[in-house]
Amino acid sequence: MKIVQRTIRAFLVVIIIGVFPIEFQSRAEASDSDSSLTKFEINQRGLLHIKHLKNAYMEGSREKLASYLNAWVHWTQPVTREELDRKLPFDRHANDIYHLLHRPTNLRWFTKWFPGKRPEPPFYKKILTYIGVLDDGNWAEKIYEEAQYSLIQNEVEIYIVGTLPKPDDRSFDTERGFEKQMKEAITHVRILDFRPPVKPHGRTQVYLVPSLKGILEKFLESKKVLSNETGLQSTHKDSLANRRLEFLNRELKILRSHWEGWHFETHPLIERVVFNRDLSKAIAEYRIKYAGGRAYLERTADGWELMSAGLTWIE
């Protein structure tokens, strides 16, 4: 009987520890890559996190939401100089480029149209009116002006090709040749543990590691996507998802995707970085809300320098 009682007490201790407030979990238990955890452990922990978020949501507690995000700030740190020194050169350069380009409070560089890439009126006026940026030079900065936290991307695609097109060469043949180079790249990798350092800009940085992204998706119940008559999400009718998104966006700024899902990462999102063979030049392809473009960069003795940037497409 005593053995049974001890077993029950031990079991209860395990249960109590398992549901203890998330602030007391060790950073090791929430490692950046989660590679040390089994899928079962990740799933169990994820359920507790979603429960915590739902409780904060039901109470309408901005303080509890901030406390939850602060826990992730502690668990997910930017890559250190020592870690970078052990990475391959293109990984280090990609980190430096992200550090240079990530400026969500000053996006003027990235929101002008490249010569020859601007859509012709009246279509240009129509699409800018659609996304609400017509005659507003500060439209990109306004997206995140009320956010208290930035969700920093944790993945990026890297390509190395023979040569890069010049910034002023916007011909169709050049574009077609460039895309062909992507398919025949010397190197193509996807960095899954990026964690790039970012410049302070008045907001707290949280790195969007896979476990956090999964928790946010489940909390928003992404699978209950209800598209409107155009197939877009811009007038989404899922009121529960709307209310939960509004709650999260008291501290964050999560954008609905044009088609399905969400844009969790704080833009500009660097979707891929394409280097030339000797890593002296690069093109960073980026997204800002429902538009995107390219930034052309060159490496100098003082580091990477932004030469030009501009939008090249819009959804």
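Predicted model: local features only at pLDDT ≥ 70, side-chain atom pairs only at ≥ 80, totals over all residues.
Reader: What is the mean pLDDT of the protein, and where does pLDDT fall below 50?

Author: pLDDT is the predictor's confidence in each residue. Here the mean is 77, and 71% of the residues reach 70 or more. Over residues 1–37 the value is below 50, and this stretch has 34 contacts in the model beyond near neighbours in sequence. Residues 223–236 also stay under 50, with 25 contacts beyond four places in sequence.

Reader: How many helices and strands does the protein have?

Author: The secondary structure comes to ten helices and ten strands. Of the 315 residues, 47% count as buried. Among contacts between residues at least 6 apart in sequence, 70% join residues at least 24 apart.

Reader: What span should helix α3 have, and which of its residues are buried?

Author: The buried residues of α3 are Leu 65, Ala 66, Tyr 68, Leu 69, Ala 71, Trp 72, Val 73 and Trp 75. Helix α5 (residues 89–101) can be read in this way too: its 13 residues reach 18 Å from first C-alpha to last, close to the 18 Å expected. Among the buried residues of α5 are Phe 90, Asp 91, His 93, Ile 97 and Leu 101.

Reader: Which residues touch the most other members of the largest nonpolar core?

Author: In soluble globular proteins, nonpolar side chains tend to be buried together. In this model the largest nonpolar core has 38 residues, of which Ile 97, Leu 101, Phe 110, Phe 275, Ala 295 and Leu 297 touch the most other members. Helix α5 gives the most to this core, with six residues. Elements that each supply at least two residues include α7 (139–143), β2 (156–160) and β7 (269–275). Leaving aside neighbours within four places in sequence, Ala 295 is in contact with residues including Leu 101, Phe 110, Ile 283 and Leu 306. A second, separate core of 30 residues includes Leu 65, Leu 69, Leu 151 and Leu 216.

Reader: What is the order of the strands in the open sheet, and which strands stand at the edges?

Author: Strands of a sheet pair through backbone hydrogen bonds, either parallel or antiparallel. The open sheet here has six strands in the order β3-β2-β7-β8-β9-β10, with mixed pairing. β3 (187–191) and β10 stand at the edges with a single partner strand each, so one side of each has no neighbour in the sheet. The twist averages 20 degrees from one strand to the next. β9 and β10 run antiparallel and are joined by ten bridges; in one of these strands, β10, Ile 314 is the bridge partner of Ala 291.

Reader: Where is Arg 195, and is Arg 195 buried or exposed?

Author: Arg 195 lies in the loop between β3 and β4 (204–207). Arg 195 counts as buried because its relative accessibility is 4%, and the cut-off for buried is under 20%. The phi of Arg 195 is near 45 degrees, a positive value in a residue other than glycine. The C-alpha atoms of Arg 195 and Ile 152 are separated by 7.4 Å, although the two residues are 43 apart along the chain.

Definitions and conventions. Residues numbered from 1 in each chain as written. Heavy atoms only, no water. pLDDT = per-residue confidence, 0-100. Contact = heavy atoms within 4.5 Å. Helix = DSSP H or I, 4+ residues; strand = E, 2+ residues; numbered from the N terminus. Expected span 1.5 Å × (residues − 1). Buried < 20%, exposed > 50% of the residue type's maximum accessible area, 1.4 Å probe, protein only. Core = buried A, V, L, I, M, F, W, Y, C linked by side-chain atoms within 4.5 Å. Pairing = 2+ DSSP bridges. Axes fitted to C-alpha atoms, helices over the stretch in contact; angles between N-to-C directions.
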